[in-house]
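Open the model in your viewer and keep the selection tool handy.

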Amino acid sequence: MSKYPLLGMTLAELQSVVKSLGMPRFAAKQIAAWLYDKKVSSIDEMTNLSLNNREALKAEYEVGGEAPVDAMCSVDGTIKYLYRVGENIFVEAVYIPDDDRATLCVSSQVGCKMNCKFCMTGKQGFTTNLTANQILNQINSLPERDKLTNVVLMGMGEPLDNLDEVLKTLEILTSSYGYGWSPKRITLSSIGLRKGLQRFIEESDCHLAISLHSPFPSQRSELMPAERAFSITEIVDLLKNYDFSKQRRLSFEYIVFRDVNDSLIYAKELVKLLRGVDCRVNLIRFHAIPGVDLKGADMETMTTFRDYLTSHGVFTTIRASRGEDIFAACGMLSTSKQGENNKN
Ligand SMILES: C[S@@+](CC[C@H](N)C(=O)[O-])C[C@H]1O[C@@H](n2cnc3c(N)ncnc32)[C@H](O)[C@@H]1O
Ligand code: SF4
């Protein structure tokens, strides 16, 4: 019989576990400390629980951490890890070390329903939501776990489409009973879903990045079909109701596609769209994917685009592209692993 994982449970969930087993209420906090502070890998290591209680816990539960099954290292130090989350199902997490920080890009779903034209994960279609256990495990079982300074929910999947499990993970990462991280160390990236965006803003303090990619709704819907359900103008209107001028950061991601959204007409429209919003824009280089007729803009065009936005009051950076040699794009390694296993 497979056991339930404890890793990924909130304090409230651990409290109901200990209650159901007739253990004292304070045992929930002790278990949380073993899981999230001391980061043990087995219930046997939870030595301040009585032997009887440990045995009772072990009958139904396990810690539930699982090491990655594969890794690809880039010449620039970026490492893409593959985690198994089911029979022949894998997700990616990408470790990106930098001078003074080390970021992990975490997945929230296997595949994605949103079908953005430029995205490899979108091309996979949707397989399943990850549980809080599977999201947190990408961080917990990372070989470089203790070096991590930041986490970005920018891997496979649309986090607002799996918000219950994502919010549980964020609670564990930021609570004093959990990892105790500042929410400023965590960024959630989303295309912006009507059902979910407001809830995320109100129930979390983590930074928010919105994938924008075109200020024109007609073009944005060509690139990102979800635009039809919740348009970028509605998204920006909603965001204007919240204060992003202090600790919490709002950014917009913009992949610059050659001859598609890279001229100053687009930059001008972005300035108009983002007027009065406390935010920054990150320009992203496109990682080409097979079968899609889009190309990335050259660096000169991106620089001109950035300078126009910055000189018109929208602070803009060009995101350094990391792990080019192992990347191609998010979703590539897991897609090929699934294909490889299907052939065997
Ligand atoms: C993979 S998504 C996951 C988070 C969320 N679903 C979203 O779209 O924001 C993270 C970021 O990667 C970008 N992205 C997707 N495919 C890309 C590609 N081929 N090249 C560059 N960026 C890409 C998305 O636009 C988004 O800004
Ligand atoms: S870009 Fe984000 S929302 Fe779009 S298909 Fe990829 S993962 Fe899903």
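Select Gly77 first: in the hairpin of strand 3 and strand 4, which has 5 residues between the strands, Gly77 takes a positive phi near 95 degrees. Strands here are DSSP runs (E, at least two residues) and helices are runs of H or I with at least four residues, both numbered from the N terminus. Now widen the selection to residues 70–73 and 79–86: these are strand 3 and strand 4, antiparallel and joined by 4 bridges. Two strands pair if DSSP finds at least two bridges between them. For one such link, pick Ala71, whose bridge partner in strand 4 is Tyr81.

A note before moving on: this is a predicted model, in which local features need pLDDT of at least 70 and side-chain atom pairs count only at pLDDT 80 or more, while totals for chains, interfaces and linings use all residues. Residues are numbered from 1 along each chain as its sequence is written, and chains are lettered from A and ligands numbered from 1 in the order in which they are written.

Next, go to Tyr177, in the loop between helix 6 (163–174) and strand 10 (186–190).

Finally, show ligand 2 and select the residues around it, among them Cys112, Cys116 and Cys119; a residue is near a molecule if its C-beta atom, placed from the backbone, lies within 6 Å of it.
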